[in-house]
Amino acid sequence: MQVVSPTPGVLVAVRDVDSLRRRIQSWRREGLSVALVPTMGALHKGHLTLMAHAQKLADRVVATIFVNPKQFGPNEDFAAYPRREHDDFEMLNAAGVHLLFAPDVGAMYPQGFATSVRVAGLSDILDGEHRAGHFDGVATVVTKLLLQALPDIALFGEKDYQQLAIIRRLTSDLNIPVDIIGAPTVREADGLAMSSRNAYLTAEERAAAPALHRAITAAAKSIAGGADIAGALAKAREELLKAGFKNVDYVEARHAQTLQRLNPGEPGRVLVAAQLGRARLIDNIAI
Ligand code: AMP
C-alpha cells in the first residue's frame, strides 16, 4: 500500500517492505546514496536534527516510524507511547525527507516470526539490567530495518548511547554493509534532552527535569578534574533525589566505547536513568 503525500513536498509514505525496496532500488540505479533514520515517531527537534544531518550526508533520506512492541517490557509504556503519525508526516514533509516507512506490527512481525538478534554483554548492563529484553527488541528491529532498506548510512542519536553502541556492534558482527553515524544529543534551552517521553511530565516535573543534565554534567566535570568517581556519582544521585526523581536506576561512569569499567586516562561517559513521575528519563554526557 502506498500513501501519496497530502501536502506539497517530496515525502511519500509506504507501509510495506516491497514498496520500500522498490523506491530505494530505483534511487540506487540512479547512483544516489541513501540514509536511513529509524524512529518511533512523536517527532521532535532531536529527530529533525538527525534528518538534517542525514540530508547533508546522503542524496536521499528515508525515515522510519515504528513503535516496536518487542522493545517494551510487559509493564512498560507500549500502549501509552505517543503516536502522532499525521503531525510526524507533516514535519518530515516540511523537512524535505524523501520517504517514510511506517509499517504496522503485522508487517514487521508476521505470524510465525521467530528470530531474535541478541548482542551479548553490551545488552546486559546499565539499561539492560533494568529493562529485560529491551535491547534484544532494539537489535532485532534495527537489523530488520537495515536489511529491509540496505541504506549506505544509518543515523542514531547519542541520546540513546548504549543503543548506539549495540547497533555498532551488531552491524560489525553481522557484516551489514552500512555506516552507522552517531549524532549529538539535542537539548532544550535548560539542558533537558529532547525525548518523546518528556510529554509524560507534568508542569512541575518538567521544571525539575533539567536536574538530570545538571547532575551528570557536574559529575563528568568532577571526574575529569580528578575527583573520586564513586563520590562524584553518589553526589549526582543525591541531587536527583533532592530534585524529585523517584528511582535512580543507575548513574555510572563507563568507558566511552566498551561501556565497561572506566580506568584513569580512558575516554569516559557518565550515563544515567531515573524515574520522574510517569517518565523514565535517560541521559549521558562525555567526561
Ligand atoms: P526514538 O524515536 O526515541 O526511538 O528515537 C529515534 C532516534 O532519534 C534514535 O536514534 C534516538 O537516539 C534519536 N534521538 C532521540 N532523541 C534525541 C535527541 N534529543 N537528540 C538527538 N537524537 C535523539
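This report walks through the ligand site of a predicted model and then its confidence scores.

## Ground rules

The model is predicted, so local features need pLDDT of at least 70, side-chain atom pairs count only at pLDDT 80 or more, and totals for chains, interfaces and linings use all residues. Residues are numbered from 1 along each chain as its sequence is written, and side-chain values use heavy atoms, with hydrogens and water left out.

## Who sits around the ligand

The ligand has 16 residues around it, and His47, Gly157, Asp160, Val186 and Met194 come nearest (near means a heavy atom within 4 Å). Sorted by class, that shell is eight nonpolar, six polar and two charged residues (Ala, Val, Leu, Ile, Met, Phe, Trp, Tyr, Cys and Pro are nonpolar, Asp, Glu, Lys and Arg charged, and the others, Gly among them, polar).

## Polar contacts and cover

Now for the N and O pairs (within 3.5 Å). The side chain of Asp160 puts an N or O atom 2.6 Å from a ligand oxygen. A polar backbone atom of Gly157 is 2.9 Å from an oxygen of the ligand, while a backbone N or O of Val186 is 2.8 Å from a ligand nitrogen. On its own the ligand has 490 Å² of accessible area, and the protein covers 93% of that (Shrake-Rupley, 1.4 Å probe).

## Confidence

The protein chain averages a pLDDT of 96, and 97% of the residues score at least 70 (pLDDT is the predictor's per-residue confidence, from 0 to 100). Over residues 1-8, pLDDT stays under 50, and the model has 18 contacts there beyond four places in sequence (heavy atoms within 4.5 Å).

Definitions and conventions
Polar contact = N/O pair within 3.5 Å; in protein donor to acceptor, adjacent residues only side chain to side chain.
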